[in-house]
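Hi,

Here is the structure I promised to pass on.

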Amino acid sequence: MKNTKEYLIPFIGLKPGKHHFEYQITNEFFEIFDYSEYQDSNIKVNVVLEKKSTLLELDFVHKGSVNVPCDLTSEDFDLPIKGKMKLIVRFGEEFNNENEELLILPHGEFEVDIAQYIYEMIVLSVPLRRVHPGVKDGSLKTEALTKLNELKVKEDKKEIKKEENIDPRWDKLKQLLTDK
C-alpha cells in the first residue's frame, strides 16, 4: 500500500469540539489500494471530527459519481453514489480495528489514518448490480440491445390456435368431473 499522508488527521493539537475536513477522491486514491474497478471517479468526502476528552467521533459523508460499465450492455456510465458512516476512536492498550464502528488506538498516538475507512465507505456504497439508466427507461440505443431485441423470443401464433380448437369430446369429459 502506498503512502496515505494526506489522509492522516493529527488530533493531538486540536481543541475540543468539531473540526471539518474535506477530500476530493479520484482514481488516484483507489490506486493506493490497487483497486481498478472504476474508469473514473469524482467523489467529495466531508469528515467531521468531534474531539472529546476521552474519545474522538468521526462522521463521514460522501457524494459523487463513479464511471462503471453496465452489467447488461457493457456501456460505461456515471453511477451516482452517496453514503455516510460513523466511527468512534477510543484509546486503549493496543491497536484494534476489528469492529467497523470502533477503532482503538494505543495511548500516546497523535494521529488517525482515515484512508481505509474512506475507501471502504465508497466501495460499499456502489451497488453490486449496475444498470445503465438508459436501459431502465428505454432511451439507450446500442448494438447489443438492438441485437437482443432481434433475438427476442416471439410468441408462436400456431400454438395459440391449437389451444382454441379443442375437441368438443374433451369438454363433455370435463363436465363429468364437475357434475358430481
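Starting with the second largest pocket: by class, its lining has four nonpolar, three polar and five charged residues. For the classes, Ala, Val, Leu, Ile, Met, Phe, Trp, Tyr, Cys and Pro count as nonpolar, Asp, Glu, Lys and Arg as charged, and the others, Gly among them, as polar.

Before the rest, some housekeeping. This is a predicted model, where local features need pLDDT of at least 70 and side-chain atom pairs count only at pLDDT 80 or more, while totals for chains, interfaces and linings use all residues. Residues are numbered from 1 along each chain as its sequence is written, and side-chain values use heavy atoms, with hydrogens and water left out.

Back to that pocket. Its volume is about 200 Å³. The pocket search runs on a 1 Å grid over the protein atoms alone: a pocket is an open set of points where a 1.4 Å probe fits, with protein on both sides within 12 Å along at least five of seven lines, and lining residues have an atom within 4 Å of a point. Grid points are joined across faces, edges and corners, and the volume is the space filled by probe spheres set on the points. The lining includes His-62, Lys-84, Lys-86, Glu-100, Glu-101, Tyr-117, Glu-120 and Ser-125. β5 and α2 are the elements that give two or more residues to this lining, and α2 gives the most, with five. (Helices, H or I with at least four residues, and strands, E with at least two, are DSSP runs numbered from the N terminus.)

Leaving aside neighbours within four places in sequence, His-62 is in contact (heavy atoms within 4.5 Å) with residues including Ile-43, Val-45, Ile-81, Met-121 and Ile-122.

There is another histidine to check, His-19 in strand β2. His-19 is buried too, with a relative accessible area of 18%. A polar atom of its side chain lies 2.6 Å from the backbone oxygen of Lys-15. Not counting residues up to four places away in sequence, His-19 touches Leu-14, Val-47, Val-48 and Leu-49.

Now the largest pocket, at about 260 Å³. Of the 15 residues that line it, Phe-95, Asn-97, Leu-103, Asp-113 and Tyr-117 are the closest to its centre. The elements that give two or more residues to this lining are β6 (96-99), β7, β8 (111-113) and α2. By class, the lining has seven nonpolar, three polar and five charged residues.

What about the core? The largest nonpolar core has 37 residues, and those with the most contacts inside it are Ile-25, Phe-29, Ile-114 and Ile-118. Such a core is a set of buried Ala, Val, Leu, Ile, Met, Phe, Trp, Tyr and Cys residues joined through side-chain atoms within 4.5 Å. The largest share, seven residues, comes from α2.

- Asp-34, in the loop between α1 and β3, has a positive phi near 55° and counts as exposed at 69% relative accessibility.
- Thr-4 lies in the segment before β1 (8-10) and is buried at 8%; its C-alpha is 9.3 Å from that of Gln-116, 112 residues apart along the chain.

Cheers

Definitions and conventions. Buried < 20%, exposed > 50% of the residue type's maximum accessible area, 1.4 Å probe, protein only. Polar contact = N/O pair within 3.5 Å; in protein donor to acceptor, adjacent residues only side chain to side chain.
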